[in-house]
Amino acid sequence: MWEFYFERLVQSLPSFLKGIWVTVQVSGLSLVFGTLLGLAAGILRTRHFKPLRAVIAAYVDLVRGTPYLVQIFIFFFILPEWGVQLEAFAAAVLSLTLYAGAYICEIVAGGIESVPAGQWEAAKSSGFNWLQQMRLIILPQALRTILPPLVGQYVLLIKDSSIVSVIGLTDVTRVGWLTVQRIPEGLMVFGLVGALYFCVCYPLIRLSGWFERRLTIQELKL
Amino acid sequence: MLSTFNFRVIIDYLPLFFEGFLATLWISAVAMAAALAVGIVACILRISSLRCFTWPSTAYIEIIRSTPLLAQLYFFYFGLPSLGIRLTEYQTGIIALALNSGAYIAEIIRAGILAVHPGQVEAGIAFGLNFFQRMRYIILPQAIGTTIPPLLGQGIVLVKDSALLSLISVFELTRVGQMMASERFMPAEGFFTTALCYLILYYILKFLSRRWQGRLVAQRAV
């Protein structure tokens, strides 16, 4: 029986590969948009303008304080009530972007705040305007603190993208869920799903660790 | 937006939300206790110098960290019955949550232990303390303080992750929101109330974490 199911699982391998491709697409798009959003929000949060800071802090808390599952339900079921019709793919990318943006905002703001105040003062006295200070002096140094957790956040994003399967997007988790109805070998089916995620996420985890080691060694040398 | 919000239905469902809140609370508490046990064991095996212990625990941690919780949950939910193990949805969910968080907690504790200055360990060796005495009197008292905030952070993650249990029909907060959406066709009321309940839990845990961090800073200053 086990061999029979294994053969059928091998036959349905193409649909799993299609599923992981959907996962990569969804998380890749929201990774790009989420990084842009998080970068903007993180930079703006470090400016001393109270109302803006309060708005960004509220956004970050709302996203970080609620499960992503509830957030995607809100996007998928409630936006139509307010007259905004979204397809599953668009709802997934939009909600994942807002979700990742909040976490990336924290990472970016933390990185910018880790740059010593003297650097700001030196940049200011060199006659740079705010944009130049940020682009030429602060961000390059902040990047060292930002990069390792940022890549770690990408891994979390890819993993959390599995939750979009509940609104009917056929990512690899949903392919597994559909397959297990035909092939009742959960260990085998979701073992395969897990292996596919592993292939995508593990290299990124290693990359994050590599960044961490490389960038801290550099710091010691200075 | 809010003009169509039906507060009467929310009040009707309030007792159910309270039950869901308590369910989320005890599920998370049990899973967190189990995850701590799993994490401590995995961490001890990982930092031990014996290859035959290090390897399995490293594999466990890396596999858990590079696959999504949802896939792990389905793996146990659909997979355990085909091994002849029949558990309730609650048990399956708590096991999946505990094994998932356990891997992250192992890494948190390991980071806390590695952050203790090597000079401290050397001093312990110079005093003639053996491995257990060094752990008990020198390393752990210093490591525990610094691991509390990230452990509380993992607690927040676990509370939010427990929302996924609603997908295998465990009764908890998100499930109540889903019930309200399907029974009364009021997803907005249901999911916003659910989100609010999670936010309450989030702010409590965040407050505790902040306070502990403040104490740590105060201790360092002395």
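Predicted model: local features only at pLDDT ≥ 70, side-chain atom pairs only at ≥ 80, totals over all residues.

Q: Where does A:Arg45 lie, and which residues does A:Arg45 touch, not counting residues up to four places away in sequence?

A: A:Arg45 belongs to helix 2 of chain A, which covers residues 13-45. Leaving aside residues up to four places away in sequence, A:Arg45 is in contact with A:Arg53, A:Ile56, A:Cys105, A:Glu106, A:Ala109 and A:Glu113.

Q: How should I read the largest nonpolar core, and which residues touch the most other members?

A: The largest nonpolar core has 126 residues, and among these A:Phe16 and A:Ile112 touch the most other members. Helix 5 of chain A, residues 88-113, gives the most to this core, contributing 14 residues. If residues up to four places away in sequence are again not counted, A:Ile112 touches A:Gly42, A:Ile43, A:Thr46, A:Trp120, A:Met134, A:Ile138, A:Leu139 and A:Ala142.

Q: How many helices and strands does the secondary structure of chain A come to, and what share of its residues is buried?

A: Chain A has nine helices and zero strands, so that reading from the N terminus on gives α-α-α-α-α-α-α-α-α. Of the 222 residues in chain A, 48% are buried, and the C-alpha atoms fill a box of roughly 75 × 50 × 25 Å along the principal axes. When contacts in chain A between residues at least 6 apart in sequence are considered, 76% of them join residues at least 24 apart.

Q: How is a pair of packed helices described?

A: Two packed helices are described by the angle between their axes together with the distance between those axes. In chain B, the axes of helix 5 (residues 118-126) and helix 6 (residues 131-161) come within 10 Å and cross at roughly 165 degrees. Angles over 145 degrees count as roughly antiparallel, and helix 5 of chain B and helix 6 of chain B are therefore roughly antiparallel to each other. The crossing of helix 5 of chain B with helix 6 of chain B is right-handed.

Q: Which residues of helix 5 of chain B and helix 6 of chain B meet?

A: From helix 5 of chain B come B:Gln120, B:Val121, B:Gly124 and B:Ile125, which meet B:Arg134, B:Ile138, B:Ile139 and B:Gln142 of helix 6 of chain B. The residues of this contact divide into four nonpolar, three polar and one charged.

Terms used. Residues numbered from 1 in each chain as written. Chains lettered and ligands numbered in written order. Heavy atoms only, no water. Axes fitted to C-alpha atoms, helices over the stretch in contact; angles between N-to-C directions. Helix = DSSP H or I, 4+ residues; strand = E, 2+ residues; numbered from the N terminus. Parallel < 35°, antiparallel > 145°, perpendicular 65-115°, else oblique. Left-handed = near helix turned anticlockwise from the far one by under 90°. Contact = heavy atoms within 4.5 Å. Nonpolar A, V, L, I, M, F, W, Y, C, P; charged D, E, K, R; others polar. Core = buried A, V, L, I, M, F, W, Y, C linked by side-chain atoms within 4.5 Å. Buried < 20%, exposed > 50% of the residue type's maximum accessible area, 1.4 Å probe, protein only.
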